[in-house]
Amino acid sequence: VGDELRTGADIGADDRGAAMHALLVELFPIARSLAGPGIRSTLAALEEVTGPLDRLVFPTGTPVLDWEVPREWTLRRAVLRGPDGSVVADTDDCNLHVVNGSVPVRTRVSLDELESRLFSRPDLPDAIPYRTSYYDEGWGFCLADRVRRALVPGEYEVDIDTDLADGELVVGELVLPGSSSDEVLISTYCCHPSMANNELSGPVVTAFLARWLSQRGPRRYTYRFVFGPETIGAISYLSERGAHLREHLRAGWVVTCVGDPGSFTYKRSRRGDALCDRVAEHVLHHLAPGSEVLDFFATGSDERQYCSPGFDLPVGSLMRSMHGTFREYHTSLDDTSFVTGEALTASLHMYQQMIEVLEANRWWQSTAPYGEPRLGPRGLYPTTGAAADAARVVGDMMHVLNFADGTRDLLGIADRGKRPMWLLVPIAEQLAGAGLLREGDRGGGGA
Amino acid sequence: VGDELRTGADIGADDRGAAMHALLVELFPIARSLAGPGIRSTLAALEEVTGPLDRLVFPTGTPVLDWEVPREWTLRRAVLRGPDGSVVADTDDCNLHVVNGSVPVRTRVSLDELESRLFSRPDLPDAIPYRTSYYDEGWGFCLADRVRRALVPGEYEVDIDTDLADGELVVGELVLPGSSSDEVLISTYCCHPSMANNELSGPVVTAFLARWLSQRGPRRYTYRFVFGPETIGAISYLSERGAHLREHLRAGWVVTCVGDPGSFTYKRSRRGDALCDRVAEHVLHHLAPGSEVLDFFATGSDERQYCSPGFDLPVGSLMRSMHGTFREYHTSLDDTSFVTGEALTASLHMYQQMIEVLEANRWWQSTAPYGEPRLGPRGLYPTTGAAADAARVVGDMMHVLNFADGTRDLLGIADRGKRPMWLLVPIAEQLAGAGLLREGDRGGGGA
Amino acid sequence: VGDELRTGADIGADDRGAAMHALLVELFPIARSLAGPGIRSTLAALEEVTGPLDRLVFPTGTPVLDWEVPREWTLRRAVLRGPDGSVVADTDDCNLHVVNGSVPVRTRVSLDELESRLFSRPDLPDAIPYRTSYYDEGWGFCLADRVRRALVPGEYEVDIDTDLADGELVVGELVLPGSSSDEVLISTYCCHPSMANNELSGPVVTAFLARWLSQRGPRRYTYRFVFGPETIGAISYLSERGAHLREHLRAGWVVTCVGDPGSFTYKRSRRGDALCDRVAEHVLHHLAPGSEVLDFFATGSDERQYCSPGFDLPVGSLMRSMHGTFREYHTSLDDTSFVTGEALTASLHMYQQMIEVLEANRWWQSTAPYGEPRLGPRGLYPTTGAAADAARVVGDMMHVLNFADGTRDLLGIADRGKRPMWLLVPIAEQLAGAGLLREGDRGGGGA
């Protein structure tokens, strides 16, 4: 997909695919949870790409919207040993082996007693599933069904060396200011332990997107990048920033599941036709035709919070294979080999293009709306290039001049003419330079 | 279809099919017309199912809207005899043999003179057609085309023993009050002589629907059942109730052609997207996918009057094979064998389901619209059942909570999520019980 | 197509096809340009069909909207001779041989110097292309690519005997007044030299349409026919009539490319659903189903000016094969044999039908909207014709009476019922005669 992109400062072949994949491999082993050391060290590693992040800190027990901030979870090691003392599951091998959020336990139990504490996937006999127990005092082990089925009766030794203790929930935030107070939100999450597509692809691509944008040049929009735990992180963040976002947010996206080689999927905002949706669908339509576009639904990732009816923010999500639709989802099969540098790069490029479209989208208005304005005396006729190209450019000029009547932004003008907006951007600028377009009243970065 | 229905007090296999068919067989021989003894005895028989009906009485000559109430017609017997004295047509065999509304005549005519008084269907040589002569002083005989073609020249004896006399037009009405003054209309007609699908299936199903609803339990809506002659009955009824219905009616349906084994057909109200249409199309979509849905058109049955532009009431019609589309229509072939107990039952079930949907449809509004509300502490997580079922229930809860924003009723929430509303009803009630939903301002039975 | 038309004073087989083609042959050799003797003699020839045209005269240099009126161009003869003195291109053979608007030149040049002045179409080796040089001081020759490729090196003799001199641009206008001040615009152009479909078919059909309309009988709308040069003519005309048209114009069409045997193409007005669009699409739908319908786009013919955003007039264009889509376009292949009398006649009939629909379109409103009005006592039941026809007429009456509620014109009533409007016109008039319809508040010729 990346090769097809036509504009943007550094679009095209680049070496960021390898760099992104290397960062993902580095982050993979960390035992993340909603709160605790895992997410802190993850944020620290991301900062090597993004530069310093602000930290919004929510102490355990803080009420956030309808919720309450949980305790921190620290995993040192969790081991399950069989009757003969052999290791059945050990988080030193794979941190998915323990139910995320498990309370500390040291005990011996029979296989019968253990059964309700074991989780496996009969449909994927070699996969260790990912399970959580965030809001009740539970514990358990996850293991491959093939291993589970070989367990023999007898007494098992449980050794879960964890802490559940008061502390704080942290959300990392990076604000890249623009000339306007209108804002764009890029939100991702980093609370999952060792899984690559869902979720490390999200924070990795988001970090590189932030770095690119910080170096890209002047911005019209102000951009807000958010890295936190899923659900409770977005809820905590909204408890702090919700009112502000309701006033200033013009577009936003949740970045998740962007590293697998599957084709793109766009999930619309709850509004369905918000600026984020128009931009994403425009880019997909022209650069990745045939991508799937889904109406908003109330399950999924953090768009659930941003698009809760009280906020109803213009936030969608561009993914590759959507959570829940790929076999590897929420198991140890979602590992670093499932994610490729090429896929990460193409996803990054797509988000860059969406930002380019946002930045270039203006409410142009014709200054000469009565009859066609004359191009010749203004030096607007293309003088180089093939005749067919010249006819295309003149056609595009006429299209922009005709539809720039103050009722549509440039994106709407492009969609009206079934043209990619990036072909019209230089044309609109040329027309504006010749005094035939001026920025209309709804301009200035607005939606 | 009945087997697929999921809710409703007595949905599922029942013995009402046999009872309905038996009532239809009982009513079949009666020589009904617009006004007269036939419709009176029909109403009396229906009352054995519905309980007492109120009677709206319109004396002959009363102006009703643009019309005038006709005289009563009484048929004792009409016989046509051939030159050799043999019986050609006799209403004692089939009351379709005489043109409905014929004036009394006793005369002898040649076959040539008789021809313009005879009606047959060359395309259906064994069928006796149904013809009427309500508003002019005519008479005639209907007979099988095969019989007609065998008639020999000579003098024929006409003996039509009827009365056309001042009297009254009667419309039976049953009102089942609900807690709200918002109303639902169920209208059917019973002016046709011996025909089963069009029309006896209509009053029979309507009568059983009324009985079911009277025993069903508390109602929110007030229901108004109407049994009268077609066209002039609806016009007379509207002359009395039109202003009231314009103020109170929220949904309504004309019940006709609901006994044949064909698939369902829904004809929309003139408004096209009224509550009656949304309910009927929702039920059909989920319980009888592939049914035909037609936009309103100005010919048909009594919806023509309810949907005349001055009234423009929210009245559609759920039928099986629509009038005019089946071969047996308006002939002696539309007999009691053309109608089945199964088809009558399934039609009854469908109307019951439409009423269940109406009754359960509320303007729920989330009380916790900022971010997702927490289900766990409120005991809302499903604790029994398979994991897939639990995920479905949680997904449905999230769906209802997200879309219950005061702009949609529960039916709209169900349609937005492509779910049958009956799956969401218990979920909405559970959420309301936990204080997460309250009934919104447009609630209280409104549309 | 003509044979399928159902109404209109002189629709059906007629001999105007031959007359139109003869006029086109007569006009073909004239060396037209934007201004000058060619367009003047063309207008004079058209007046033999239309009667006298008013002339709007714009002197050279007059500012018109964003433009300026050009000089007149007179072509006496232009010849290009080869090194051996033989004629390579001579406008006495075909006036496309010289670039239209060429300045006078008498010189000798080498083949190398000549190359940039020569125009041919390698894809159509036998076609002489049509090129213009209106707004810069250029000159050149157009020739068949086969001839060009055979040119030998050497000195070529250029003899372009033309004038470019101050004068005037002329637009011919014919106003046929109606009872209302609401107007319909029929606009065509006549600035192209020897080409038949684009463009002589346009002024020829328009002239015959004007003659037909002037003889047709009383008109409700006032019709304005415009004959001028393309682009600058429409711009000049709008500089004079734009404000008036914005107030009075209800529908309009640009007539061009209406003589080839291809199927019909309709290009919508910029508004997309203006009266001109509804009428044209209705007529095409019923008389030429399968015709192509295109949304407005900003390139094309004079609709570009009428539909510039400041004017945004309700002007579309019914064509046969659209400019740019047929092989012969803008070359000597678009000659009098490419255009047929049958195609011209069918196009004329289509425009006539559109005018008939406009004239017959009224805002009928039912006077008896409560229940169905009774047809019998008003003598409205059809008494002649087959039963099926009678049922159709009654159905149409019911349809008109139901939907004539003041929110739709008769065209909208016809479209709502998927019926051709001309079947409903006599029915509406019959109902109006019986007092069941009256003309509504939006009537009187309005849109």
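**Chain arrangement and interfaces of chain B**

The model is predicted: local features require pLDDT of at least 70 and side-chain atom pairs count only at pLDDT 80 or more, whereas totals for chains, interfaces and linings use all residues. Residues are numbered from 1 along each chain as its sequence is written, chains are lettered from A and ligands numbered from 1 in the order in which they are written, and side-chain values use heavy atoms, with hydrogens and water left out.

At the interface with chain A, 16 residues of chain B are in contact with 18 residues of chain A (heavy atoms within 4.5 Å). The two chains bury about 1,500 Å² between them, 51% of it on carbon and sulfur atoms; buried area is the accessible area (1.4 Å probe) that two parts lose on being put together, summed over both. Tyr370(B), Glu372(B) and Arg374(B) supply 44% of the area that chain B buries against chain A, more than any other three residues. The interface holds 3 salt bridges (a side-chain nitrogen of Lys or Arg within 4 Å of a carboxyl oxygen of Asp or Glu). Arg378(B) forms a salt bridge with Asp66(A), with 2.8 Å between the closest N and O atoms. Helix α10 (residues 387–403) of chain B provides the largest share of the side that touches chain A, namely 6 residues; helices are DSSP runs (H or I) of at least four residues, and strands (E) of at least two, numbered from the N terminus.

The contact of chain B with chain C takes 18 residues from chain B and 16 residues from chain C. Here too about 1,500 Å² is buried, 51% of it on carbon and sulfur atoms, and 3 salt bridges are counted. In one salt bridge, the side chains of Glu372(C) and Arg304(B) meet at 2.3 Å, N to O. The elements giving two or more residues to the side of chain B that touches chain C are β3 (67–68) and α8 (303–306) of chain B.
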